Amino acid sequence: GLENAPHPFSITFSKDKQIKLAIKASGDFTTQLIEQLKTGTKVAVSQAYGQMNFENGPSKQLWIAGGIGITPFISYLTSNTFNKTVDLYYSFRGEEEAIYKDFLDNFQSKNKNFHVTFVDTSQNPRINIEKYPLNTVSVVYICGPKPMVDNLAKTINKINPAVEVKKESFQFR
């Protein structure tokens with residue numbers, strides 16, 4: 001009974017016949033999904049909608065994630081050999097929303113070429129891309145809420161039009 005509802009969740013990991021989902025209980029559908037979907041439940045997956053391909057990008061990358069927009073980055077980090085130099089800005093509202101903070105802290109401690117900046121917007125201003133040295137990267141990957149993604153992409157293009165912005169955004173009703 002869930003197949004025709006909107007899908008405010010993301011796959012964060014897949015291997016063989018196993019997938020892991022990040023789901024925020026934000027209404028009837030996601031609450032029902034969390035209650036009904038248990039480990040071992042058989043599901044049909046039609047296709048992936050993401051377009052981010054970090055592997056084909058340059059060796060130095062800037063990643064920006066807002067909220068559940070962290071999932072494509074987590075998926076990459078858990079499914080690939082890490083061989084890039086990455087600065088990640090992870091924006092969330094309140095510690096309870098920082099669902100992958102512990103994972104990212106641990107990953108950062110084990111990978112000297114990976115640096116994460118946590119931005120809790122309940123305590124601090126939003127990400128200010130103008131402070132980042134955009135002349136040191138040729139591509140920026142952004143995933144998050146549509147207003148955030150559009151605003152950051154516009155600002156990046158204004159500061160340095162040579163930087164390619166690869167983006168995915170979402171917008172719930």
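Leaving aside neighbours within four places in sequence, Asn160 is in contact (heavy atoms within 4.5 Å) with Leu134 and Asn135. The model is predicted: local features need pLDDT of at least 70, side-chain atom pairs count only at pLDDT 80 or more, and totals for chains, interfaces and linings use all residues. Residues are numbered from 1 along each chain as its sequence is written, and side-chain values use heavy atoms, with hydrogens and water left out.

**Asn160**
- Asn160 sits in the loop between helix 4 (146-159) and strand 7 (164-170); helices (H or I, at least four residues) and strands (E, at least two) are DSSP runs, numbered from the N terminus.
- Asn160 counts as buried because its relative accessible area is 18%, and buried means under 20% (1.4 Å probe, protein chains only).

**Nonpolar cores**
- A nonpolar core is a set of buried Ala, Val, Leu, Ile, Met, Phe, Trp, Tyr and Cys residues joined through side-chain atoms within 4.5 Å.
- The largest has 24 residues, and those touching the most other members include Trp63, Phe73 and Phe114.
- Elements that each supply at least two residues of this core include strand 3 (60-66), helix 2 (71-79) and strand 5 (114-120).
- Contacts of Trp63 beyond four places in sequence include Phe54, Tyr76, Asp87 and Tyr141.

**Whole protein**
- The protein has 4 helices and 7 strands, running β-β-α-β-α-β-α-β-β-α-β from the N terminus.
- Of its 173 residues, 38% count as buried.

How values were computed. Buried < 20%, exposed > 50% of the residue type's maximum accessible area, 1.4 Å probe, protein only.
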